[in-house]
Amino acid sequence: MSQFMSAATTRVGRAQRSAHSSGGFSKRVRQLGLAMWKHRWIYLITAPTLLYYLVFKYIPLYNAQIAFKEFQPLLGIEGSPWVGLQNLEGFLNSIYFGQLMTNTIFFSGARLVLGMPIAIVLALMLHETRFAFFRNVVQTITYLPHFLSWVIMFGILLMLLSPSDGLVNEIIKSFGGEPIAFLTTPNWFRQIVIGSDIWKETGWSTILYLAALLSISPELYEAAAVDGASRLQRIWNISLPGILPVIVLVTLLRLGNILQGGFTQIFVLYSLPVYSVGDIIDTWVYRSGILDFQFSLATAVGLFKGVIGLTLIMVSNQLAKRFAGRNLY
Amino acid sequence: MKTKWREEIGFQILVNGFLLAVLIAIVVPLWRVVMTSLTPLDLYNKSGVPAFMWPWDWSFAAYKQVLQQQLFLGAALNSAVITISGTALSLALTVPLAYALSTRSLPGRNLITTLILFTFLFHPGLIPDYLLVTRLGLQNTVLAIILPPAVSVYNTLVMRAFFEGIPEEIKEAARIDGANDLQILWRIVLPLSVPILLTIGMFYAVWFWNEFFTPIIYLNDLTMQPLPVLLRNILMSARLNEYLEYDAYTVSPVATLQSASVLLTMLPMLILYPMIQRYFTRGALIGAVKE
Amino acid sequence: MNKRLNEIFKVALVVLALAVVLTACAPAATPTSAPVPTKAPAATSAPTTASSQPVAAATTAPTVVPTKASVPPTTVATEKPVDLELWAQPSVTEQGPPPADWIAYKIVREKLNINLKVVLTPTGADGEAKYNAAAAANSLPDIMQMVSASQDNRGTMVRLQKLGLLGPVTTLLPLMPERVKTHYDDPQRMKMGQVGGVQYGLVEPPPIPKREGYVIRKDWLDKLGLKPPTTLDEMFEIAKAFTEKDPDGNGKNDTYGVGGFINGVGLGDRFDFIMGGYDVPGLWDLRDPGKIQLNVRDPNYPKALAFFNKLVTAKVIDPDWPTLKRDDFRAKWKQGKFGIMWEDFSALASPSNYVTFDKNFPDGEFVALPAPKGPDGKAWYRVDTSLSTIWAVSKKAIDAGKGPAIARFLEWTATKEGYYLLGFGEEGKQYKFDKDGNIVFDGLDPKQVWTAPESQMYTQLRNNLIFTNTPQELKVRYPAYTSVKGRTVDQVQFLKFFQSQPWVAGAHLQVINPHPKAADFNRYYNENIIQFALGQKPLNDQTWADFLKGLDGIGAKDWETNAKKDLTDAGFMK
């Protein structure tokens, strides 16, 4: 039965290919119909959500054709003249294109490579501690920074890092060193961005991994303890495999959004002396907005980012399937 | 047995030491925010924010100023309405889809996954969304705030991953007993998924609670605006206040107001989270299954 | 089943109940959504073209209307009231819009036969986003204030006009003689509201022009026995002394000579007085009336940068300047971190701002300085761009024949009744007149007076639609402050001094369209200038020539040509 079903499932995506094997065609249609009837309740309860996607996600995507048009409000979406990729040209031909891509990928990549493992480690530690009260305190406190806006974060960073009266520089000075203008020195800016992001978001992202850890059956741990497995072995052999699906999922989704470099953070933290290492696609688009009302440019760049994200997620999905035995499907 | 204990103690020292270090790293700057919000104007202007102040030196002027706004109560209420209705709507739409996608035998499952992933990758941006919302006539209603972002692909897929973790045998057993999918979702999957429902619910709630951009765009009436918009306006005006002609409306420096308003926005979550945390205890799930 | 499971069921029940409600709602939403993409645009554009005739009719009619237009109530009262929606930037952002029972609404309805609705738009980038979205959906209001995140109000107007969303106001002006006399009397200024010779914008008097200036801590000078600087070189020496000689006498090495932050292109207008000493303030070189080019082409520009770099390398300027935001900057001077700066007169000396500085430093005193002279004896304060608020009327409103009603309303705002009601509120409640005709508040309920937070919603339009900087307004808006030690700090005195300084007249620069690749161009320009200033890039003939070459590589020459064309087209250049 399940074999039929998976055949039916793949059918949907490969309608044309199977069409020529006309012999079993009507039979397969019947089987598909049966399978669908069996799941009629699921279709019924999912219908509102699918309708939601159709209306609130796909109609805007249809509207996104303004990316390829010179959008004129009075002419409407269909009526506006077609200009092809012209809206994207300003971006693709920007003298900073390469730098913008590098910076964007660097920031989201670093968040993924550094931020995620730290969050996972913190989740594991929270899971392992025997002091329930302490765990609750740490958990509650560490997720609080998520609520701080970047404007406030800038104030905190300035208080710590200002070369004139920042705490860190006071310490450097007291050891006889020269104060460092962390926020305006290209060599330091990236570290500050990544570090402050990790500080702000790690606690919040542990929530997900903790929820995953909690859904692992305690019997597994008990059995391992009986077998004499050490703590580390239990983490390695039970905890990590237990949350692997979530890790894979989050990684894949983050890869899909690799060209989202964290606009608000950069926008608040960067300044002219560090543009070379701080300017990302979104800040550039923002600064370009004064020209064309952002009607089409932002949409076009949004679609461009989608194409890159799609490619990346497809490739990494295959890799994930091969190496972790998990993917998005 | 003794070595086991020793190992366990060593391990716990390591784990808790790590947690303590994290806690300190988080608390120190956070403490600074709290102090900033409590620094009296005079002191702030003289020497900035002190590292420590005794409670009798605290000034609640900034909190007072925020709370005394005529629009504050209304804005808080608006925020509550947006957050509660938005979260409920989001969960109501997310749960069925996540369940459907976790049903491996569902025909069309991959197609649906692909289609929603597509919307995750391609963001059309403000204008295409706005055109839709205005054509539907939703502007100036709460629906314009809660409907367009109602379902998050990320949250759906995360929830699906958790649903998939529920052993197939339990569901199969129910099916043999004659339960349909609706009943399985209702009686088995949901009760077993409380932590993830709460987690995702909280993700949604926090998102709605903090959202200020769509209200600004879609709501013309200032009395309909939620808290983040009001707080933004207060800050904006504290800033413009530097230009203001006559005596200020502000009795607090911008930084103080900013910190106070951020702590105020945190407050509901600070209360809510420990309540949610009660369900985050190990074995909550399986215990329920066994019964 | 235990307790927990019960609770779980409750949660589940709520979720499911909502799902059911939603299934009921969702289909209701679909019928409206189904025809969305195809039909609607056609439907919205159709009436616009169909109703274009009334405009033509209106063009001929108004010229005959005499000054009586300011008192037309009885004649229009019989007609159906006209709905007018007005979008404005609030005067006080955290206070609400006027309430539904606002007396002005009532008067406007009864006397002018207009149902007015005031919508307060968010400021800055958020506001611009809101306008963008409304423009895209062709749902702009009848009359609106132009909003720009980059302070380019005219730019917003031009873009909206190019999209065909604005209606010309030429025909409205004759309908509001009093308003024209008090607000739109300067033909040079009104040119900022024109596109292709047609008037689309109503350009308000600029909200206090030339309001910023160059100031120094007099008490520090006195303490160190120094004289106020007159040249940039003297300023440098004093900045050095302020940094190194402990001018506040607290025994700590915690002061700097100069403080500031970046506001605008290049090093920003806050340091333009330094560029002014080298005769190169601002972005554009306007010295030759028949020519316009970028100031960086002047050989003096790298010299000015070299001087700035001297401030940086000598560490006499607060090193936070490249990243500081305005608020942080202001907190710093109030804490006495530096002694020389560029500041807004009101931010500096209005009672609410000055009081904090006064409490910290009872002997502290800022004095205004004239523009410092450079090596060649040149001195400019800054470029005066005199940015005005611009109001525009949507084409939809003109097409719907609302033009006369808009003019009627605007004219009313310039009458005595409208002016005081929208600018100050109700007489006897929010304000009253003393025997000299000054506006005063004593004896009124402090919860209701004009300055009280509770009253702000009644006068939200005052700064952008009503005020024209009359002496009466200045007096009430900018009161003097008596310091702890009994000194009088009069902000208007600062303002007058600042205004008396040499400013480059640059209001007309607004008509220059942005560089076609503004994001690239601005970044290249700003980034390089600041790298030179900070010494991240060595400043010599070779590097400077390379910088200029790079600038030309991204179309600097073309932009200069276009700038000349823009200025010529707008009638500012021959």
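Predicted model: local features only at pLDDT ≥ 70, side-chain atom pairs only at ≥ 80, totals over all residues.

Modeller: Residues are numbered from 1 along each chain as its sequence is written, chains are lettered from A and ligands numbered from 1 in the order written, and side-chain values use heavy atoms, leaving out hydrogens and water.

Biologist: How much area do chain A and chain B bury between them?
Modeller: An interface's size is often given as the accessible area lost when the parts come together. Buried area here is the accessible area (1.4 Å probe) that two parts lose on being put together, summed over both. For chain A and chain B that is about 8,900 Å², with 75% on carbon and sulfur atoms. The contact (heavy atoms within 4.5 Å) takes 96 residues from chain A and 94 residues from chain B.

Biologist: How many salt bridges does the rule find across the interface of chain A and chain B?
Modeller: A salt bridge is a side-chain nitrogen of Lys or Arg within 4 Å of a carboxyl oxygen of Asp or Glu. The rule finds two across this interface. B:Glu8 and A:Arg130 form a salt bridge through their side chains, at 2.8 Å from N to O. Helix 4 (residues 40–63) of chain A gives the largest share of the side of chain A that touches chain B, 18 residues. Helices are DSSP runs of H or I with at least four residues, and strands are runs of E with at least two, numbered from the N terminus.

Biologist: Is B:Ile188 buried or exposed?
Modeller: Buried means under 20% relative accessible area, exposed over 50%, and partly exposed in between (1.4 Å probe, protein chains only). B:Ile188 has 15% relative accessibility, so B:Ile188 counts as buried. B:Ile188 lies in helix 10 (residues 181–192) of chain B. Not counting residues up to four places away in sequence, B:Ile188 touches B:Ile170, B:Ala174 and B:Gln183.

Biologist: Where is C:Asp490 placed?
Modeller: C:Asp490 sits in the loop between strand 19 (488–489) and helix 22 (491–500) of chain C. C:Asp490 counts as partly exposed because its relative accessibility is 23%. Its C-alpha atom is 8.9 Å from that of C:Pro351, 139 residues apart along the chain.

Biologist: What does the secondary structure of chain C come to?
Modeller: Chain C has 25 helices and 20 strands, and 57% of its 574 residues count as buried.
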